[in-house]
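Good morning, colleagues. Please look at the sequence and the model on the screen while I go through a few of its local features.

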Amino acid sequence: MAAMNHGKRILSSLRLRNSLFSTQLSRALSLNHQVTQHVYLSPSLLTQIYTSTSILGARQNVFFSSKPEAFVAVILSNDWSKQLEKDLGKIDFPVTHEAVMYLLKKLDKDPRKAGNLLKWVVKQKGFEPSSSMYSLMLRIYANRDSMKDFWTTIKEMKENGFYIDEETYKSIHSIFRNLKMETDAAALKHFYGRMIKENAMGDLAKDVAELIKKQEWGIEVERQLGEMKLSVSDNFVLRVLKELREIGYPLKAFNFFKWVARNLSFQHNTVTYNGILRVLCREESIEEFWSVVKEMKSLGFEIDLDTYIKISRHFQKIKMLKDSVELYELMMDGQFKPSLGECNILLRSIAQSHPSDLDLLFRVVEKFEAAGHSRSKIIYDVIHRCLTNLGRFEEAEKITEAMRDAGFEPDNITYSQLIYGLCKLRRLEEASNVIDVMEECGCIPDIKTWTVLIQGHCFAGEVDKALFCFAKMMEKNVDTDADLLDVLLNGFLSQRRVFGAYQLLIEMVNKFQMRPWQATYKLIIQKLLGDRKLEEALDLLRRMKKHNYPPFPEPFLQYISKSGTVEDAVEFLKALSIKDYPSVSAYQHVFQSFFAEGRHSEAKDLLYKCPHHIRQHPAICGLFGSSTSNSGKVKRFPRESSNSA
């Protein structure tokens, strides 16, 4: 904190003495507060800014560190203005694709500043955005407050010959749907569909990809490509690479990448190099991936931050953790370093792997610390989690002590990890005792910690002991939740105690006004019907209705049509709706299920029990091959062979 306070004083002094952002003391103090709120400035970074600033007088030009972190800090700590643009112009910072992508990623939580920065580098520095950069900007603008800029950017893309790729379209369309922005989602879908029809380059890229896909790469493929007389550009190369990536041909994409350079004298740049890396980050093409990385480095190109994040997340998803760590190390050795958040995500992926790889974990931590950072609470927790998962409790305790020495007290996360590790080794009594230790230390176990303990007992097959833990939790007035209830019910089901699970569910709903998950209701209903407990299953169906969940008729239709009675069907139909009678379609489905099983007499008997408006409905009459009379008697029924309504 002392270092941070010293840093703040340095930054405040710089602002006052150089009149960089304002000549007013109040403005400087306000901006100083903004810096502390929006960006973490390490003491070393503040020193870089301080020592690289020439303070020779009020009219002396100001020069800043060319470190990208310093550039970002200046933008984040000030409102965008003509003065800020003037000051940015004095910073010795190379405007490259990698640099601009880095800055945009760092500003992605502030769409207005990100947009202003891109406009500034285009206007003042003559920078030409790539399709990947436009795609990034669209993702940044994909929120309610930036829709005007979003559509302006799409228009600008189109005017410059760029189009939205399928991956970006799907990502943004999903964002709009999640934000309930249905109008914008529909407009984007319409624009994307029209763009595909109008895009001649896209059609040509698809033709090239289709030609390459059909046969093994060789002289014949190269001959046919040569006959196409292709006129290639960065954008066209990226389109072909994306087409081949989407249809799953990374090695053929690599062959095309090499071919255009060799045969068409196309000079690859940082944009196309980053493009091919996004294609090659797969197990079958990992050798080619690293060869391209090496080639890029020899040419002075770097992996841009957006490309790094996409590739790293993909490596983690497909469990290529060693490659993900090597990529992280490479980026941390460069000037466009991943954020602390990316470090944490990678560490968690390693910790969640089975078994956890401590060597990989410590490689990431060491590289993070080598960049001048200190371990955060999250990093201590991740290391602790790996050790407890592996049953190395003595080492885990040492990490806890080191965490205390660093000023971080163990909390529910730390203790929950210890409980999980003990339960994993079936050391259940020790795991339960951790609760007492926590309380002695003044750390009150929360619902998540209790859930871990109870789940550990259930996994060990000790469901009754899990219930004892649950009762102990309730005595301590800890409010339960749907997650914990689901854990307990699955414990019962694991021992085939279906009726016990049903009773527990009912008790929790009645006594504690619990609202179980919809998935929990569905699971117990299916298990009850599997045990031929229709009455209990119908009870849960009614309770689902009271909790405003959609009806769940499928397992009932299957059960009743195969082995249920007409009375069962009547009770099911009553349970389906909060109204006096369910919809006509509900009756249709029941009749159709009986027909499908060849149970025509049951269908007829059920029809007699239906209310008058159902018997007379044209849809129902159509199922039975004729209309019904006013008395409700059926004039004609389908033959036995006509059992598919």
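**Arg 599 and its surroundings**

The side chain of Arg 599 is in polar contact with that of Glu 602, at 3.3 Å; a polar contact is a pair of N or O atoms within 3.5 Å, where within protein one must be able to donate a hydrogen and the other to accept it, and residues adjacent in sequence count only if both atoms are side-chain atoms. This is a predicted model, in which local features need pLDDT of at least 70 and side-chain atom pairs count only at pLDDT 80 or more, while totals for chains, interfaces and linings use all residues. Residues are numbered from 1 along each chain as its sequence is written, and side-chain values use heavy atoms, with hydrogens and water left out.

Arg 599 lies in the loop between H34 and helix H35 (600–609); helices here are DSSP runs of H or I with at least four residues, numbered from the N terminus. Arg 599 counts as buried because its relative accessibility is 16%, buried meaning under 20% relative accessible area with a 1.4 Å probe, protein chains only. Leaving aside residues up to four places away in sequence, Arg 599 touches Ile 560, Ser 561, Lys 562, Ser 563, Gly 564 and Phe 594, a contact being heavy atoms within 4.5 Å.

Ile 560 and Ser 561 are among the buried residues of helix H32 (residues 554–563). The buried residues of H32 pack against helices H30 (518–530), H31 (534–546), H33 (566–576) and H34 (584–596).

**Cysteines**

How many disulfides are there? The count is zero, a disulfide being a pair of cysteine sulfur atoms within 2.5 Å. The sulfur of Cys 423 is too far for a bond, because the closest cysteine sulfur, in Cys 469, is 8.2 Å away. Cys 441 is likewise in no disulfide, with the sulfur of Cys 443 nearest at 7.9 Å. As for accessibility, Cys 423 is buried, at 6%.

**Lining residues of the second largest pocket**

I turn now to a pocket, which, on a 1 Å grid over the protein atoms alone, is an open set of points with protein on both sides within 12 Å along at least five of seven lines; lining residues have an atom within 4 Å of a point. Of the 31 residues lining the second largest pocket, Arg 139, Glu 167, Arg 245, Arg 278 and Lys 310 are the closest to its centre. H18 gives the most to this lining, with seven residues.

Terms used
Buried < 20%, exposed > 50% of the residue type's maximum accessible area, 1.4 Å probe, protein only. 1 Å grid on protein atoms, 1.4 Å probe; cavity = no way out; pocket = protein on both sides within 12 Å on 5 of 7 lines; lining within 4 Å. Helix = DSSP H or I, 4+ residues; strand = E, 2+ residues; numbered from the N terminus.
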